[in-house]
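This briefing goes through a structure topic by topic. Read it alongside the sequence and the coordinates.

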Amino acid sequence: MSVAAPETGLKFLQCNGCGKLYVPPKYLCTQCDQDDFSEVFSKGAGEVYSFTIIRMPFEEFAEEAPYAFGEIKVNNENLVVPGRFTNEQEKAVKIGSRVSFVKRDGCINWFQLA
Amino acid sequence: MRDVAVIGIGTTNFGLLGEMTVEEMGVRAFSDAIRDAGVEKKDIEALFLGNFTAGMLQGQETLAPMIAYSLGLRENIAAVKVEGACCSSSIGIRLGYQLIASGVHDLVLVGGAEKMTTASTARATRALSAAMDPVSESHTGYTYPGFFGLVANRYMYEYGGTIEQMGMVSVKNHNNSVSNPRARFRHRITLEEVLESRLVADPLKLYDCCPMADGAAALVLCSLERAREYSKKPVVIAGSGMSRGFRTTHETINDKGTMLSLPCTVSAAKEAFGMAKLQPGDIDVVELHDCFTIAEIVDSEDLGFFERGKGGRAVQEGLTQVDGKTPINPSGGLISKGHPVGATGCGQAYEIVKQLRGEHENQVRNAEIGLTHNAGGTGAICAVHIFKRGF
Ligand SMILES: [Zn+2]
């Protein structure tokens, strides 16, 4: 775990029973059946597992389109999370592109392309 | 457990039926199926209706008992809506199958109805995203085309698959539905037209995506022992598999280590093949869930028809053509017949029953065993059914 401050980190949930890490939301640990989790925050350095450019979103996102959407493999936690990119205009998104976590805004995890 | 057969099939066309209410579509398909079976309405003991978006797009619920009333079915009946996004009506096939197999009922109606084309694309896309987890997916700007765009890019990266192979799925499925009077699209397209159509979710283009459609489809299910009273050509449900998959894309990747497979397809197929005591190589004709061209390729691998990473090449080599080794979507599939989401599963079964009766407009020669594959959500739910001639 590459620990970061709660204000700046990428949030995961860690089961207080067995220690397994999850991408939120998670309501019940399916490894040990506990419902008791702690929030933990990672620096969120990783790479793009896959990506697409969404050009026909539904209404709420219409003005943002086109935008890239990716699944990001976060290295230290070895978990994939969904994310979008703050600087896709300057840097091309590719599978394997290195990224770092910037912020969470609403439900969106924003990553920056290296 | 008793054997269960399909003794009647009914449908509307799939396409633009904007003048009909969703209830009317359902009534037309169910009454068509009842007439085809030749059963008396008073003998029907349950009705399952698949529907996903009527509550959101038309503000319409409680459709199943309304349809049962409009059909003139008896008063003591369980008329139930079943919902699992694009897999909804296959849930009805499964439940109807179980009620008859277990001896509770002899005659059950199953079907689906959906009205989508009078909503704007943006609004319908939003309604479809109700099958996603809002917290981590739909409220982040993710969409279903986006999901399959991710799969397509990863498939090309890992297996060297090509956008041309995906485009060939669309060309084949359009070609297949030229002769299908129930299909939304009846015209041929070229690979160039697919590749030059506008991008929707890179690398997927417009012709890589299935169209919205209106439509309804229905089946009459009956115990095999009584099926021959009604039908000279009963079609037996030899295997029924249903599964839950994962609630999000990232949870699939984190648990299974890949997004180039829908685990729900693999587990539903395993159950259906096991029950039917059959192998993928025994299947003569397939209707599978080609909501996007890449989905047909990945599904064909998940169902065991081709090795991992070889599904794209199989399309290129013509193995999935109507005269190929494994004919896939001779109806035109979701891509060209159309995808009225809650009706799609029963629509696939309609096409397979016609194939096994030897009555299809795009007939696979000597088709005796057929398979339907219907999935919903980002791989949250799947049903696989195997049908064989009962005559
Ligand atoms: Zn645990």
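By the rule used here (a side-chain nitrogen of Lys or Arg within 4 Å of a carboxyl oxygen of Asp or Glu), the count comes to 25 salt bridges over all chains. The model is predicted: local features need pLDDT of at least 70, side-chain atom pairs count only at pLDDT 80 or more, and totals for chains, interfaces and linings use all residues. Residues are numbered from 1 along each chain as its sequence is written, chains are lettered from A and ligands numbered from 1 in the order in which they are written, and side-chain values use heavy atoms, with hydrogens and water left out.

**Salt bridges between the chains**

- Across the interface of chain A and chain B, the rule finds 2 salt bridges.
- One of the salt bridges pairs Arg55(A) with Asp202(B), whose closest N and O atoms are 2.7 Å apart.
- This pair crosses between chains: Arg55(A) sits in the loop between β4 and β5 of chain A, and Asp202(B) in the loop between β5 (199-201) and β6 (204-205) of chain B.
- Glu60(A) forms a salt bridge with Arg126(B), with 2.6 Å between the closest N and O atoms.

**Extent and make-up of the interface**

- Contact (heavy atoms within 4.5 Å) links 31 residues of chain A with 38 residues of chain B.
- About 2,900 Å² is buried between chain A and chain B, and carbon and sulfur atoms give 61% of this area; buried area is the accessible area (1.4 Å probe) that two parts lose on being put together, summed over both.
- Tyr49(A), Met56(A) and Phe58(A) supply 25% of the area that chain A buries against chain B, more than any other three residues.
- The interface holds 12 residue pairs in polar contact, both residues at pLDDT 80 or more; a polar contact is a pair of N or O atoms within 3.5 Å, where within protein one must be able to donate a hydrogen and the other to accept it, and residues adjacent in sequence count only if both atoms are side-chain atoms.
- On the side of chain A that touches chain B, the elements that give two or more residues are β4 (46-54), β5 (67-74) and β6 (79-85) of chain A.
- β4(A) gives the most to that side, with 6 residues.
- The residues of that side divide into 21 nonpolar, 3 polar and 7 charged, where Ala, Val, Leu, Ile, Met, Phe, Trp, Tyr, Cys and Pro count as nonpolar, Asp, Glu, Lys and Arg as charged, and the others, Gly among them, as polar.

**Zinc site**

- Cys15(A), Cys18(A), Cys29(A) and Cys32(A) are the protein donors of the zinc ion, each through SG, lying 2.3 Å from it; donors are N, O and S atoms within 2.8 Å of the metal (3.2 Å for Na, K and Ca), and water is not among the atoms, so sites may look incomplete.
- The arrangement is tetrahedral because the 4 donor atoms subtend angles of 96 to 116°, the criterion for four donors being that all angles lie between 85 and 135 degrees.
- Along the chain, the donors follow the spacing C-x2-C-x10-C-x2-C.

**Fold and backbone of chain A**

- Chain A has 0 helices and 8 strands; helices (H or I, at least four residues) and strands (E, at least two) are DSSP runs, numbered from the N terminus.
- A cis peptide bond with omega about 0° joins Pro24(A) and Pro25(A), and Pro25(A) lies in the loop between β2 (21-22) and β3 (37-42).
- The peptide bond from Ala65(A) to Pro66(A) is cis as well, with omega near -5°.
- Asp33(A), in the loop between β2 and β3 of chain A, has a positive phi near 70°.

Conventions. Four donors count as tetrahedral if all angles lie between 85 and 135 degrees; four count as square planar and six as octahedral if opposite donors are over 155 degrees apart and all others between 65 and 115; anything else is irregular.
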